[in-house]
Amino acid sequence: MSVTDDIACREMVELMSDYLEGALAGDALGRFERHLAGCDGCERALDQLREAVRLTGMLRVADLRPSDRDRLLGLYRAWRAGG
Amino acid sequence: MVELPDDRELVERLRAGDEAAFMALVDALQTSMLRIARMYVSSAAVAEEVVQDAWLGVLRGIDGFQGRSSLRTWIFRILVNTAKTRGVREGRSAPFASLAGDDLEAPSWDPAAFIDPGGSSVGAWSTLPVDWRGIPEDRLLAGETFAVIRGVLDSLPPLQSEVLRLRDALGWSSDEVRNALDLSETNQRVLLHRARARVRAALAAYFESGDTA
């Protein structure tokens with residue numbers, strides 16, 4: 001691996017979401033993974049991003065107001081009644 | 001969150017007049033639909049009308065639903081079309097830039113964390129990121145962590161917020177989100193990247209401030 005082949009850490013962080021998305025392929029993926037394997041800073045940065053994604057996934061989504069539910073149930077019943 | 005039945009079963013039950021099935025769908029999608037509609041129209045009240053119209057469109061069209069996309073993607077397409085039409089009628093334009101935010105090209109990390117141009121190893125870390133693997137799980141999962149994430153969701157530009165909610169909070173696939181919100185593959189990825197970067201940065205500020213006990 002030549003030095004010029006390497007990606008700067010500053011650029012690595014901009015590729016991390018694409019990497020987690022599986023959107024890097026071929027050469028770009030190879031260079032990303034080679035850098036990652038030898039860089040503690042980027043490994044930690046990627047772990048932070050993974051953690052952010054995991055924690056967002058544990059968020060509880062707000063419940064609907066009961067009045068909204070009732071209104072929409074009414075809509076469904078009216079649609080049924082009207083055929 | 002309650003898991004919905006698969007699309008085929010759900011569609012059959014909707015056609016058959018199963019109220020519980022309809023309400024399960026409403027519970028899963030309505031809050032996202034209201035926020036999305038709000039991007040295109042002038043007020044929350046109009047957004048509610050748009051969402052109601054969209055549900056009517058869904059019910060009227062359900063017999064013709066072919067299953068070429070997922071049911072929720074199909075519903076969101078009806079919603080986005082209804083909302084855009086209404087927005088145009090209101091004379092309200094919602095340019096992509098105003099919905100997506102003007103920070104799409106901004107760096108995702110504080111540039112001060114990297115060695116300046118002119119140094120010997122340009123763009124390498126000058127300050128190593130903190131190793132979050134040392135943070136205990138009970139601190140990671142404290143209520144404040146989720147308050148921080150909610151705070152970011154509330155402050156992000158609308159499309160970034162919605163992509164992040166659908167992808168990472170609700171677990172939709174990138175194709176579903178792209179189709180539901182009428183985004184190109186690239187735009188979906190850029191919006192997700194920016195939104196995740198903001199969450200990570202906000203969490204870093206929180207985890208790494210004060211005591212980490």
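The domain assignment of chain B, in this predicted model, gives domain 1 (7-89) and domain 2 (96-207), with bounds that come from an automatic or database domain assignment. Residues are numbered from 1 along each chain as its sequence is written, and chains are lettered from A in the order in which they are written. Because the model is predicted, local features need pLDDT of at least 70 and side-chain atom pairs count only at pLDDT 80 or more, whereas totals for chains, interfaces and linings use all residues.

The centres of the two domains of chain B, taken over C-alpha atoms, are separated by 28 Å. In the contact between these domains, 11 residues of domain 1 meet 10 residues of domain 2, two residues being in contact if their C-beta atoms, placed from the backbone, lie within 7 Å. On the domain 1 side, α2 (19-40) and α4 (71-89) of chain B each supply at least two residues, and α4(B) gives the most, with five residues; helices here are DSSP runs (H or I, at least four residues), numbered from the N terminus. By class, this side has four nonpolar, four polar and three charged residues, where Ala, Val, Leu, Ile, Met, Phe, Trp, Tyr, Cys and Pro count as nonpolar, Asp, Glu, Lys and Arg as charged, and the others, Gly among them, as polar.

The largest nonpolar core has 62 residues, and those with the most contacts inside it are Ala37(B), Val51(B), Leu79(B), Ala83(B) and Val163(B). Such a core is a set of buried Ala, Val, Leu, Ile, Met, Phe, Trp, Tyr and Cys residues joined through C-beta atoms within 7 Å, a residue being buried if 20 or more other C-beta atoms lie within 10 Å of its own. The most residues of this core, 10, come from α2(B), and the core lies between domain 1 and domain 2 of chain B because both give residues to it. Leaving aside neighbours within four places in sequence, Leu79(B) is in contact with Met33(B), Ile36(B), Ala37(B), Val51(B) and Ala54(B).

Between the chains, 35 residues of chain A are in contact with 43 residues of chain B. On the side of chain A that touches chain B, α1 (9-21), α3 (40-56) and α4 (66-82) of chain A each supply at least two residues, and the largest share, 12 residues, comes from α3(A). By class, this side of chain A has 18 nonpolar, five polar and 12 charged residues.

How values were computed:
A residue is buried if 20 or more other C-beta atoms lie within 10 Å of its own, exposed if 12 or fewer, and partly exposed in between; C-beta atoms are placed from the backbone.
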